[in-house]
Amino acid sequence: MTRRPTLPGAAELFRRTDAAPAPEVTELPSISATVSSPALRGGPARRGDGETTAPLTLVPGGADDADPLASFRQPTPAVAPVRPTRGRAQRTERTKHDEKITVYISAEELLALESARLTLRGQYGVAADRGRIVREAINVLLADLAERGEDSVLVQRLKK
């Protein structure tokens, strides 16, 4: 018994739309035959009598509509697997945000934001990406503005 994997043949993946079905292929072609095959390169193939045949195309419904690679595929889990956290807080599902803005910040501000992210994770066990930190900071500033008005941190800093 050979250790060479058995993959689906061309007859299982492709079928002609202008002719009768081709005989089933039971053995894989050699590498040299694959490289030299015009059908695999996408060009027209020439038969021994000089007649040109159309290249093979993938057609839905070919090979009894069976998925020839189904035995090789792993089933897709309904829920993403939970990774070990090594003492960190569990990740929650991502929230989809509908709107986007672009904010330009200095290298120092970006470094401070990344440092805050690492501090939150390392010292407090809070896993948050930079976007979530920025959204939370905005929420805190807007709540402070709504509560304190003229005396809010945001108004005082923007007046400088």
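**Helix packing and salt bridges in a predicted model**

At 48% relative accessibility, Glu-150 counts as partly exposed, where buried means under 20% relative accessible area, exposed means over 50%, and partly exposed is anything in between (1.4 Å probe, protein chains only). Glu-150 forms a salt bridge with Lys-159, and the closest N and O atoms are 2.0 Å apart; a salt bridge here is a side-chain nitrogen of Lys or Arg within 4 Å of a carboxyl oxygen of Asp or Glu. Lys-159 itself is exposed, with a relative accessible area of 54%. The model is a predicted one, in which local features need pLDDT of at least 70 and side-chain atom pairs count only at pLDDT 80 or more, while totals for chains, interfaces and linings use all residues. Residues are numbered from 1 along each chain as its sequence is written, and side-chain values use heavy atoms, with hydrogens and water left out.

The protein has six helices and two strands, where helices (H or I, at least four residues) and strands (E, at least two) are DSSP runs numbered from the N terminus. Read from the N terminus, the order of these elements is α-α-α-β-β-α-α-α. Of the 160 residues, 9% are buried. The accessible surface comes to about 14300 Å², and carbon and sulfur atoms hold 56% of that surface; such areas come from the Shrake-Rupley method with a 1.4 Å probe, and for residues only the protein chains shown count as cover. Among contacts (heavy atoms within 4.5 Å) with a separation of 6 or more, 36% join residues 24 or more positions apart.

Two of the helices can now be followed in detail. Helix α4 (residues 107-124) packs against helix α5 (residues 130-148) at an angle of about 100°, with the axes 10 Å apart. The axes are lines fitted to C-alpha atoms, for helices over the stretch in contact, and angles run from 0 to 180 degrees between N-to-C directions. The two helices are therefore roughly perpendicular to each other, a label given to angles of 65 to 115 degrees, with under 35 counted as roughly parallel, over 145 as roughly antiparallel and the rest as oblique. On the α4 side the contact is made by Leu-110, Leu-113, Glu-114, Arg-117 and Leu-120, and on the α5 side by Arg-130, Ile-133 and Val-134.

Glu-114 forms a salt bridge with Arg-117, with 2.5 Å between the closest N and O atoms; both residues lie in α4, three residues apart, about one turn of the helix. Arg-117 is buried, at 19% relative accessible area, whereas Glu-114 is partly exposed, at 21%. A further salt bridge links the side chains of Glu-114 and Arg-130 (3.6 Å, N to O). Because Glu-114 lies in α4 and Arg-130 in α5, this pair ties together parts that are 16 residues apart in sequence.
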